[in-house]
2 protein chains.
Amino acid sequence: MTTKCADCPLRRQELFDRMTEDEVRVMQRFKVGELKVDSGTPLLMEGSNSPQLFTALRGMGLRSKLLSDGRRQVVNLVLPGDFIGLQAALMSEMGHSVEATTAMTLCVFDRSEFWSFFRDNPRRAFAISWLAAVEEHFLGDALTTLGQRTALQAVAWALIKVFSRGQHLDLVHKNRMPFPYRQQDIADALGLSLVHTNRTLKQLRERQLVSWQDGELVVIDPQKLADVAMVESIELVTRPLV
Amino acid sequence: MTTKCADCPLRRQELFDRMTEDEVRVMQRFKVGELKVDSGTPLLMEGSNSPQLFTALRGMGLRSKLLSDGRRQVVNLVLPGDFIGLQAALMSEMGHSVEATTAMTLCVFDRSEFWSFFRDNPRRAFAISWLAAVEEHFLGDALTTLGQRTALQAVAWALIKVFSRGQHLDLVHKNRMPFPYRQQDIADALGLSLVHTNRTLKQLRERQLVSWQDGELVVIDPQKLADVAMVESIELVTRPLV
DNA sequence: CGATGGATTGAGTCAGGTCAAGGTTTGTGG
DNA sequence: CCACAAACCTTGACCTGACTCAATCCATCG
């Protein structure tokens, strides 16, 4: 039994823009099913032209690129509400791979329907472009982190960033949120070695800013962490859900 | 006297997708004028909500973000055909600043017309989203460069990337293209210090791969340069022009 | 109970950073 | 036409943040 878009638990969160009933109907028609995958499952491959597009409903994942010599760059994390396959939909090739880090539930859309969906629903089309622009914005920030921040600032930046996303998704309870990634994932996201990432986390722990163990992230003082990260504002911007 | 979209010199280049006559008319209606600026002129500021959007017609520029302590990250270069202000159009705030490096000529569009333009012209809307996706793709590559490549590979990557863009724009003649940036710009783009960028360029020069002086970039052996950069393919993907 | 995947820590090295000093070119005012 | 300044490029010397290599520890699991 798949979740009806009308009953979508995500749409209720304040993070996501309100949708008209019409839009909900349109989404429901576009949605062809639901997919449940185990942790570790690859969802899309870099360079592939997937026939399916997804929206993460439950669970977490990550987007990454592989270099020919095996080095890996984690491009972003995937959290509930994230649209997966935008590049495949618009261009026709993914620029990165996506895999499930935890078990995930995904809404499935049919890529072949994408163009008519886009053409006939300008408001939804705009929402999709909006998502692309947000991702571009995020990647600009990430680039700045890798290029300009020190390891300490970078790790702090990454953690405050996910934590803030977690807050908006109601994943945070009493400063705690589930964070099922490995240190290697964060290292690969920040262009740091595993060892140095580990030492840097230790430093943040000793400074009483964060602790991260057993898949749980605890941010003791978000503001102080943001200061270390040199992040100016952590404001809520509502976003469309697709 | 402004350039008519019908006579747009860019549209003729094979890099850009063909447009229907109807699309050209629509673009012409959306275009409100032309802007000429001197080198060094700021075009859009990070965080601003510009009333104007642009397409670069002639000249080069760059996109950058500033950190609160003055460090700068160059996010991308701006070459003819690039759309400027996408983020302002879709979200309502730029994630980076844009400035002219050389004198530039820009097509000017009215942001307040953007939504109706987007709504009434799904094919053009799709083209815009396509551009956003391409930018996202590029930024993923750039992130991988900063995160995983060595300084030598990174500089090689940056140079082969612009050179390849230059080729598609007919800026290259006999392996030479205009390249009006400062070494500091490239350093800021790659998260390297100026000094190290300079030494790295020297190495590439000594290896007979590239030379760059007096605002002119000469790539002696593109394939070898791509090898150093660990770039697999440098293929032509046509793109829409807005 | 050994095997496997992750986290942690120590020791030594190096890629890339910082500091500092010229060199060149271009533009400007006297 | 020259002197001076400003902007950029280049090189040397030295330093350090982050990397690599290598153990060790700890859970989980078949």
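A: The description below begins with the DNA surface and then turns to the contact between the chains, the sheets and one loop.

This is a predicted model, in which local features need pLDDT of at least 70 and side-chain atom pairs count only at pLDDT 80 or more, while totals for chains, interfaces and linings use all residues. Residues are numbered from 1 along each chain as its sequence is written, chains are lettered from A and ligands numbered from 1 in the order in which they are written, and side-chain values use heavy atoms, with hydrogens and water left out.

DNA strand D is surrounded by 14 residues, the closest being A:S193, A:H196, B:R182, B:Q183 and B:R199; a residue counts as near a strand or molecule if one of its heavy atoms lies within 4 Å of it. Of the atoms of DNA strand D that come within 4 Å of the protein, sugar and phosphate account for 65%. A polar side-chain atom of A:S193 lies 2.9 Å from a phosphate oxygen of DNA strand D, and for B:Q183 the corresponding distance from a polar side-chain atom to a phosphate oxygen is 2.5 Å. In the side chain of B:N198, an N or O atom is 2.9 Å from a phosphate oxygen of DNA strand D. The elements that give two or more residues to this surface are α7 (194–206) of chain A and α7 (194–206) of chain B, where helices (H or I, at least four residues) and strands (E, at least two) are DSSP runs numbered from the N terminus. The largest share of the surface near DNA strand D, 4 residues, comes from α7(B).

DNA strand C has 15 residues around it, with A:R182, A:Q183, A:R199, B:S193 and B:H196 the closest. One of the bases is approached by A:R199, a polar side-chain atom of which lies 2.9 Å from a base nitrogen of DNA strand C. The phosphates are approached by A:K202, with a polar side-chain atom 3.4 Å from a phosphate oxygen, and by B:G191, with a polar backbone atom 3.4 Å from a phosphate oxygen.

Of the area that chain B buries against chain A, B:E136, B:L143 and B:Q148 supply 17%, more than any other three residues.

In chain A, 4 strands form an open antiparallel sheet in the order β2-β7-β4-β5, two strands being paired if DSSP finds at least two bridges between them. Because β2 (42–44) and β5 (72–78) of chain A stand at the edges with a single partner strand each, one side of each is left without a neighbour in the sheet. Strand β4 (residues 61–66) of chain A is joined to β5(A) by 6 bridges, and the two run antiparallel; in β5(A), A:V74 is the bridge partner of A:S64. Helix α4 (residues 122–148) of chain B packs on this sheet, touching β4 and β5 of chain A, and its direction makes about 125° with that of β5(A); axes are lines fitted to C-alpha atoms, for helices over the stretch in contact, and angles run from 0 to 180 degrees between N-to-C directions.

A:T102 lies in the loop between β7 (97–100) and β8 (104–110) of chain A. Leaving aside neighbours within four places in sequence, A:T102 is in contact with A:D38, A:S39, A:G59, A:M60 and A:P180. A polar atom of the A:T102 side chain lies 2.9 Å from the backbone nitrogen of A:M60.

Technical notes:
A polar contact is a pair of N or O atoms within 3.5 Å; within protein, one must be able to donate a hydrogen and the other to accept it, and residues adjacent in sequence count only if both atoms are side-chain atoms. Buried area is the accessible area (1.4 Å probe) that two parts lose on being put together, summed over both. Contact means heavy atoms within 4.5 Å.
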